[in-house]
Protein chains: 2
Amino acid sequence: MAPNTKHFRKRDAILDYLRQSKAHPSAETIYTDLKPQIPNLAMGTVYRNLTLFKEQGEIQSVATVKGVERFDGNPLPHVHFICTDCDAVIDLDDLQVPDTLSELAAKCCGGSVEGCQLTFTGQCKNCNERKIESA
Amino acid sequence: MAPNTKHFRKRDAILDYLRQSKAHPSAETIYTDLKPQIPNLAMGTVYRNLTLFKEQGEIQSVATVKGVERFDGNPLPHVHFICTDCDAVIDLDDLQVPDTLSELAAKCCGGSVEGCQLTFTGQCKNCNERKIESA
DNA sequence: CCTCGATTTAAGAATCATTCTTGTTTACAC
DNA sequence: GTGTAAACAAGAATGATTCTTAAATCGAGG
């Protein structure tokens, strides 16, 4: 067996999963989805590696929705939309925070700015349409 | 005793506290700070009223810092800065999210946008200076 | 091959913020 | 006063997350 293959199998699976997902999953979703492929995966392993990836800057935590932390395999800052109905977290790829705002923020707070998050909330397309139908 | 005075004493105290505070307190901070004045205050009462105020749009939840929800007596959207060292949540009153961004967001997501939050993270002035001193 | 120290992991216990439940108290209208 | 609805206290219950302990796995030497 190739070196490192087995030792990091779970770690790599978690990172791959995050990078391929657009759903901004929670720790539990990651666990549930990977469990069939990796039967002896434990929640502790998921949380430990998520913490590790965050420290290394490989991933980011993008929001806490109804008390549950949501993760993104893309560590670059970008804009999100959170549906208050179905709790979906969606990338708004076409938007970005203007540099002028970040610069202003640094001046205002007098400290050092490391990151920023812009998040819109409301009802996503699906939930919106579902409501109109049932009306 | 004037009508309604006693019935809502705790509710009003919690709302007043939130409106006067600039610290964006957690439920526990509110409880701890009000407890001396209101000895038989219970955490349940704080949580119940916070939920109520949120539903009524009197306050807003502005962030979850290290797993703890933080509240703001000002329900209008405004920009915040969160210190990753001391967990302070600070208003950046001079900044605001451009209307163009909000409009774009509505178009991108295809649903209805109700709110938005812009949050910068980094080290606040105090923590920054403390680090420089101790270096 | 066999052993070593270091790293990763599984499993479940422990923690902590938040919510729920139950029974009690309060305010107000009649 | 009596009844009804809202607010409350106290503590139990829930649920996400973290910690603990011991076992499995790795790479490097012998």
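These are my notebook entries on a predicted model with chains A and B.

**Ground rules.** Residues are numbered from 1 along each chain as its sequence is written, and chains are lettered from A, with ligands numbered from 1, in the order in which they are written. As the model is predicted, local features need pLDDT of at least 70, side-chain atom pairs count only at pLDDT 80 or more, and totals for chains, interfaces and linings use all residues; side-chain values use heavy atoms, with hydrogens and water left out.

**Confidence.** I started with pLDDT, the predictor's confidence in each residue, from 0 to 100. Chain A averages 90, and 95% of its residues score at least 70. In chain A, helix α5 (residues 125–133) has the lowest confidence, at a mean of 86, while strand β2 (residues 68–72) has the highest, at 97.

**Where the chains meet.** How many residues does each chain bring to the contact? I found 32 from chain B and 32 from chain A, with contact meaning heavy atoms within 4.5 Å. The area buried between the two chains is about 2500 Å², and carbon and sulfur atoms give 66% of this. Buried area here is the accessible area (1.4 Å probe) that two parts lose on being put together, summed over both. B:Leu95, B:Leu101 and B:Phe120 supply 19% of what chain B buries against chain A, more than any other three residues.

Next I looked at which elements of chain B touch chain A. α4 (99–109), β5 (112–123) and α5 (125–133) of chain B each supply at least two residues to that side. β5(B) gives the most, with twelve residues. I also sorted the side by residue type: 15 are nonpolar, 14 polar and three charged. Ala, Val, Leu, Ile, Met, Phe, Trp, Tyr, Cys and Pro count as nonpolar, Asp, Glu, Lys and Arg as charged, and the others, Gly among them, as polar.

**Salt bridges.** What does A:Lys66 meet in a salt bridge? Its side chain meets that of A:Asp87, at 2.7 Å, N to O. A salt bridge is a side-chain nitrogen of Lys or Arg within 4 Å of a carboxyl oxygen of Asp or Glu. A:Asp87 is in the loop between β3 (79–83) and β4 (89–92) of chain A, 21 residues apart from A:Lys66. I counted six salt bridges over all chains, but zero between chain B and chain A.

Notes:
Helices (H or I, at least four residues) and strands (E, at least two) are DSSP runs, numbered from the N terminus.
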